[in-house]
Amino acid sequence: MAQYLMSVLSDSTELASDEEAAAIDVFNAQMQADGHWVFAGGLAGPGNSTVVDARSGDAVFTDGPFLESKEFIIGFWIIEAPHLDVALKLASGGSKACNRRVELRPVL
């Protein structure tokens, strides 16, 4: 089984609607029952982020997102799937459940 990151992309910091939250709960329960679930979570908007850079020795902390972008990651799933086709099918289900675009990447 390979692991994949499914990132939920959004252009708004609004939380899921009640209908979306219910669909996400059903999707999560099905992934758990089918053995694909590893971990998932929602994220605060990019305005709540802090960039930490300690490459030169002393850490430098900068408020706000590293990149300015119209879209950002608002949530994610870590899943396990036997191959890419299954992971793509799960990403499609996640996109439908949360009513947002989902980016799928293998975890190395």
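## Largest pocket

In this predicted model, three elements, α1, β2 and β5, each contribute at least two residues to the lining of the largest pocket. Strand β5 gives the most, with four residues. The space in this pocket comes to about 340 Å³.

The lining of the largest pocket comprises 19 residues, and those nearest the pocket centre are Ile 24, Gly 41, Gly 42, Ile 74 and Gly 75. By class, the lining of the largest pocket divides into eleven nonpolar, six polar and two charged residues.

## Second largest pocket

The second largest pocket has a computed volume of about 230 Å³. Its lining is made up of 13 residues, with Pro 46, Pro 65, Phe 66, Leu 67 and Phe 72 closest to the centre. Eight residues in the lining of the second largest pocket are nonpolar, three are polar and two are charged.

## Overall architecture

The protein contains two helices and six strands. Read from the N terminus, these elements follow the order β-α-β-β-β-β-α-β. The C-alpha trace spans about 45 × 35 × 20 Å along its principal axes. The protein has 108 residues, of which 28% count as buried.

## Aromatic pairs

Two aromatic pairs are found in a search of the whole structure. One of them joins Phe 27 and Trp 77 in an edge-to-face arrangement, with 5.2 Å from centre to centre and 75° between the planes. Because Phe 27 belongs to helix α1 and Trp 77 to strand β5, this pair ties together parts that are 50 residues apart in sequence. Phe 27 counts as buried at 12% relative accessibility, and Trp 77 is also buried, with a relative accessible area of 4%.

The rings of Phe 39 and Phe 76 form a pair with centres 5.7 Å apart; their planes stand at 35°, so the pair is tilted.

## Salt bridges

Side chains of opposite charge can pair when their charged atoms come close. Four salt bridges are found in a search of the whole structure. Among them is the bridge between the side chains of Glu 20 and Arg 100, at 3.3 Å from N to O. Glu 20 is part of helix α1 (residues 18–33), whereas Arg 100 is in the loop between α2 (84–98) and β6 (101–106); the pair links distant parts of the chain, 80 residues apart.

Glu 71 is partly exposed, with 32% relative accessible area. Glu 103 and Arg 105 likewise meet through their side chains in a salt bridge, at 3.0 Å from N to O. Glu 103 counts as partly exposed at 30% relative accessibility, and Arg 105 falls in the partly exposed class at 48%.

## Polar contact of His 36

His 36 is located in the loop between α1 and β2. With a relative accessible area of 12%, His 36 is buried. A polar atom of the His 36 side chain lies 2.7 Å from the backbone oxygen of Glu 80.

Conventions
Residues numbered from 1 in each chain as written. Predicted model: local features only at pLDDT ≥ 70, side-chain atom pairs only at ≥ 80, totals over all residues. Heavy atoms only, no water. Buried < 20%, exposed > 50% of the residue type's maximum accessible area, 1.4 Å probe, protein only. Phe/Tyr/Trp six-rings, centres within 6.5 Å; stacked < 30°, edge-to-face > 60°. 1 Å grid on protein atoms, 1.4 Å probe; cavity = no way out; pocket = protein on both sides within 12 Å on 5 of 7 lines; lining within 4 Å. Points joined across faces, edges and corners; volume = space filled by probe spheres on them. Nonpolar A, V, L, I, M, F, W, Y, C, P; charged D, E, K, R; others polar. Polar contact = N/O pair within 3.5 Å; in protein donor to acceptor, adjacent residues only side chain to side chain.
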